[in-house]
Structure formats: C-alpha cells, structure tokens
Amino acid sequence: MQRPVFVFGVSGATWEIIDDLLAQGRLPNLQRLQAEGCRATLLSVRVRGDEHYRPQVAWATMATGCSPQRHGITRYYHTADDLREPSLWRMFERQGERVGVYGWPLDWPPGETDGFIVPSHWARDAQTWPPELAAIKALDREQQDTEREHGRRFSPARPLRLARTLARFGVRAPTMGLLARTVLQAAATRDAEQRALLLRHAKIELSADIFTHLCTRYRPGFRSFHTFLVDFVCHRYWRYFEPQRFPATDPQLVARFGDAVAEAYVHTDRILGRLLTELPPHAVVAVASEHGMAAEPVSAELGGWRYLIRGARLVELVGLEADVVPCPVARWVALRARADRALPPQTAERVRGIIVAETGLPLFQVHEHGADEVVVKFNLDAAVARYRTGDIESLSVCFGQRRVPFTHIGRRLGRARSAMHDERGILVLHGDGIRRGARLPDCRLVDVAPTLLQAAGLPVPTGLDGSVLDVFERRTDARNACAAA
C-alpha cells in the first residue's frame with residue numbers, strides 16, 4: 001500500500017536548541033513525533049571550496065538523493081532550471097501521485113504539475129502553479145521590494161485590500177485579524193528588528209492557512225511545507241539569545257528580544273501541530289533542516305549592520321532601467337530582462353564598472369547566470385582595511401562621471417547577523433512502519449529521498465548517492481508488537 005508523505009522543512013533547526021525546549025515542554029508536537037518515531041542529526045553538505053553550508057545546495061541534495069556535483073545546484077543563485085536530477089515531487093509524479101510543494105528552495109520556476117507549487121522567497125518573480133496562486137506570491141514580492149528599494153515602513157493598505165483574495169485562498173478569519181494587527185503594529189514602529197519579527201511570525205500563519213487550503217483542494221500524495229522563520233530569527237537575534245557571547249549587546253534589547261529564538265521554534269511547533277491534524281491516515285512525516293545554526297560572535301557582515309541592494313537604483317545608475325528588472329533574492333539581486341526583451345549584453349560589464357571611490361575596488365561581485373540573468377552581491381571584503389573599520393555608510397560609489405553615496409544603492413536593514421549555518425541539522429521520521437523511539441547515527445542529506453520513497457511504498461531509483469536509512473520496523477518487531485497488544 002502506498003503511503004502519503006509530508007515533509008515539514010525547518011531551515012536552520014538544530015538539536016542544541018530543540019533539546020532544551022523539549023526539556024521545558026515547549027515543543028509538544030515535535031516531542032510526540034520523536035517519541036513515536038526516529039530522530040537523527042542530519043549532516044549538511046557544501047560544495048568544495050565554499051566555506052558556507054548553502055541552503056540552496058542542501059535542499060537540492062535532500063530532494064534528489066544525489067550529491068551537488070550530480071544534481072547541479074552548486075551556487076547560491078542556481079534555480080530549478082539548473083537541476084539535473086529529478087526532485088522528490090517529480091519522482092512521486094512519475095508514480096501517478098499528486099504533489100503539493102510550498103516554499104521548497106528549489107522550486108522556481110515552478111513548472112506544471114498535477115497539484116500545486118508555491119515557490120520560496122528566492123523566486124525571481126510571482127510565478128506559481130497553478131498560475132492563479134500568483135496573487136499570493138505577489139504580496140511577498142511586493143513587500144521585499146518595499147523594504148529594499150524605498151525604505152518605507154510596512155504599509156497596511158496593500159494586504160488589507162487583498163483580504164478578499166486571501167480569503168479565497170483559505171486564509172481564516174483569526175489569521176486575517178492577526179495580519180491586520182501585525183501590519184498596523186509594523187507600520188507604527190520605527191524599530192526595524194521589531195518590525196521584521198512581527199511580519200515573519202504573521203507570514204508563517206498566513207502560509208500555513210494557504211497550504212492547508214491547497215492540500216484540502218488537491219489531496220497530494222506528497223506534500224511539503226517549508227519555513228525560514230527559525231533560520232531568519234537565529235541569524236538576526238542570536239546575540240540576544242546568548243548575550244554573554246556578544247558583550248556589546250544592549251541589555252534593553254536583550255530584555256526585549258531574549259526569547260525571540262526560542263519563540264521562533266515554539267511558533268514553528270504550533271504550525272507543525274496544525275498541519276499534522278490535516279494529514280490523511282497512515283501518512284509518513286519527516287521534519288528536517290538542511291543545516292543547523294551556531295553563534296557567529298564576529299560577523300562577516302561589516303559595520304554592525306545588514307545592507308541590502310537597492311536594485312531599482314542600481315539599474316538606474318548604470319542606465320539599464322528601461323531594459324532590466326531587478327529581482328530581490330535574499331541578500332542579492334538578480335537582474336533580468338523585461339518581458340519580451342533580451343538581457344542587454346553589456347549588463348554585467350556595466351555593473352562591474354561601479355567602483356568604490358575610496359578604495360578603487362568594484363562594489364559588486366557579478367555572476368553571469370547563463371544568458372537570462374546577471375546576479376550581483378556586495379563585494380565588501382573585511383580584508384580591505386577601509387571596509388574593516390565598519391564605516392560603510394560614509395563610502396561613495398562611482399559609475400563613469402557620476403558619483404553617489406553608498407546609501408543611494410545600499411540600504412541598512414537591521415543589525416549584522418549573529419549566527420551562521422553549521423553542519424548539524426535535524427531529522428525526525430514518524431508514521432506507519434517507522435520504528436518507535438529510535439535514535440539513529442548521524443545521517444546524510446542524500447539518504448532522505450530514498451528513505452521517503454521507501455516509506456511511501458514507491459520504487460527507489462537505482463544509482464542514487466543516498467541509501468535507505470534503517471528506520472523501518474522489522475517483521476519480527478511488528479509480530480512482537482501485535483502479540484503484546
């Protein structure tokens with residue numbers, strides 16, 4: 001019998017924090033899953049020569065059961081178009097199963113499917129499958145643009161105008177009320193950290209409602225829901241979680257945000273509990289993170305602040321605003337051609353021509369991603385003495401004869417990160433046929449896909465780099481359990 005599978009992805013989750021919260025009784029849903037199933041540390045993967053565990057690389061590895069060298073996702077800007085191996089949801093499709101994917105960081109462009117795909121926050125645009133869901137994705141894209149480009153506070157007008165659309169996609173009245181209160185609070189505060197925290201907690205509630213509605217509509221045999229709430233909060237608020245490791249941290253901010261990391265886990269566990277109640281009988285559940293998190297007392301982000309690229313001002317500075325659309329994607333910007341046009345061949349060279357006046361160095365790292373886009377990120381290396389002082393906002397940048405302040409292109413948005421990815425993520429498996437209460441040795445990301453296929457009762461493709469984990473009840477175990485009952 002084939003079993004439905006549900007993957008609950010929690011980017012950045014780590015046992016070091018979870019075990020403390022489990023001991024406090026604050027994660028009841030995860031507590032039940034691990035007590036009735038298996039748990040393991042899931043070791044992440046990174047590309048040779050890269051010092052970071054990239055979520056794009058790691059989630060692709062988990063989805064395919066193949067190494068990065070095989071599946072082709074080796075850079076932070078790669079997309080589903082670069083994927084050379086089939087993902088889990090495509091494997092389920094081949095066996096005649098419907099799929100429902102919400103926020104897996106490998107799902108843009110989404111492509112057609114028998115089911116639904118709502119891409120993660122790394123999507124370049126509002127494409128979804130089916131296309132009617134683009135209204136939901138567009139709200140997310142618009143808020144990213146507003147924060148990055150204009151520096152305006154969060155405006156409540158847009159989401160409130162979309163209330164009817166949100167209701168059509170299953171957003172419940174309590175979540176509508178929460179969203180209304182949140183956007184009003186966010187619009188009223190001048191504290192960027194408080195505003196970001198409010199909005200991300202509201203976003204996971206909104207996403208869970210939509211995901212539940214879509215699963216009820218499509219009844220997918222494979223479903224996945226991903227959240228980056230824990231990852232974001234750990235990056236930005238860890239200094240308040242472990243202030244002893246960050247001596248210069250303001251005690252008033254510690255008092256205000258000291259529980260932010262723990263509450264991100266607690267809120268995520270509540271969402272997990274909601275989604276578990278919607279699962280069909282005999283479903284197999286996997287709770288997984290693609291990497292863990294650890295304190296970063298000396299941040300690689302310079303100047304004590306996080307800076308984002310104002311893409312619209314960037315393309316205007318180099319004279320490409322009529323031809324190029326800047327697409328904010330996390331810390332970088334993807335420059336893509338406007339509809340029905342080709343990307344100007346000089347795009348990369350023009351951006352490389354933006355120079356920091358005080359150092360004579362290029363302002364950006366520039367990556368040409370095929371013929372479709374040019375991806376840029378700041379090139380502010382701490383090895384450069386002028387940057388190491390941290391006085392980033394006093395810099396000027398030049399393009400040809402034009403000179404503008406750094407702040408014309410770079411916008412300060414919150415404090416520098418205080419935690420970074422580490423190797424040790426989490427894996428919990430629960431459901432029909434899964435061993436109870438087992439603690440596995442450390443596992444690999446490539447082992448997740450073949451194990452979930454086996455759990456579903458589907459054939460495991462030959463030649464994967466991963467193997468099926470020892471998580472299934474043995475026949476003798478099952479007979480003994482029946483006899484005891």
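Predicted model: local features only at pLDDT ≥ 70, side-chain atom pairs only at ≥ 80, totals over all residues.
What radius of gyration would a compact globule of 485 residues have, and what does the protein chain have?

1. **Overall build.** For 485 residues, the compact-globule expectation is near 23 Å, and the protein chain has a radius of gyration of 23 Å, which agrees. Along the principal axes, the C-alpha atoms fill a box of roughly 85 × 55 × 50 Å. The protein chain contains 19 helices and 20 strands.

2. Buried residues make up 56% of the 485 in the protein chain. The accessible surface is about 20300 Å², and carbon and sulfur atoms account for 50% of that. Taking contacts between residues at least 6 apart in sequence, 69% join residues at least 24 apart.

3. **Charges in general.** Across the whole structure, a search finds 32 salt bridges. The next points walk through some of them.

4. **Glu 132 and Arg 217.** The closest N and O atoms of this salt bridge are 2.9 Å apart. Glu 132 sits in the loop between strand 4 (115–118) and helix 6 (134–150), while Arg 217 belongs to helix 10 (residues 192–218), so distant parts of the chain, 85 residues apart, are linked. Glu 132 is partly exposed, with a relative accessible area of 38%, and Arg 217 is also partly exposed, at 41%.

5. **Asp 209 and Arg 274.** The closest N and O atoms here are 2.4 Å apart. Is Asp 209 buried or exposed? Asp 209 is buried because its relative accessible area is 2%, under the 20% cut-off. Arg 274 has a relative accessible area of 22%, so Arg 274 counts as partly exposed.

6. **Arg 417 and Glu 296.** In this salt bridge the closest N and O atoms are 2.7 Å apart. Arg 417 lies in the loop between strand 16 (410–415) and strand 17 (419–422), and Glu 296 in the loop between strand 7 (292–295) and strand 8 (305–309), so the pair ties together parts that are 121 residues apart in sequence. Both residues, Arg 417 and Glu 296, are buried.

7. **A network to look at.** Salt bridges also link Arg 26, Asp 259, Glu 263 and Arg 270 in a network.

Note on methods: Residues numbered from 1 in each chain as written. Heavy atoms only, no water. Helix = DSSP H or I, 4+ residues; strand = E, 2+ residues; numbered from the N terminus. Rg over C-alpha atoms; globule rule 2.2 N^0.38 Å. Buried < 20%, exposed > 50% of the residue type's maximum accessible area, 1.4 Å probe, protein only. Contact = heavy atoms within 4.5 Å. Areas by Shrake-Rupley, 256 points an atom, 1.4 Å probe, with all protein chains shown as cover. Salt bridge = Lys/Arg side-chain N within 4 Å of Asp/Glu carboxyl O.
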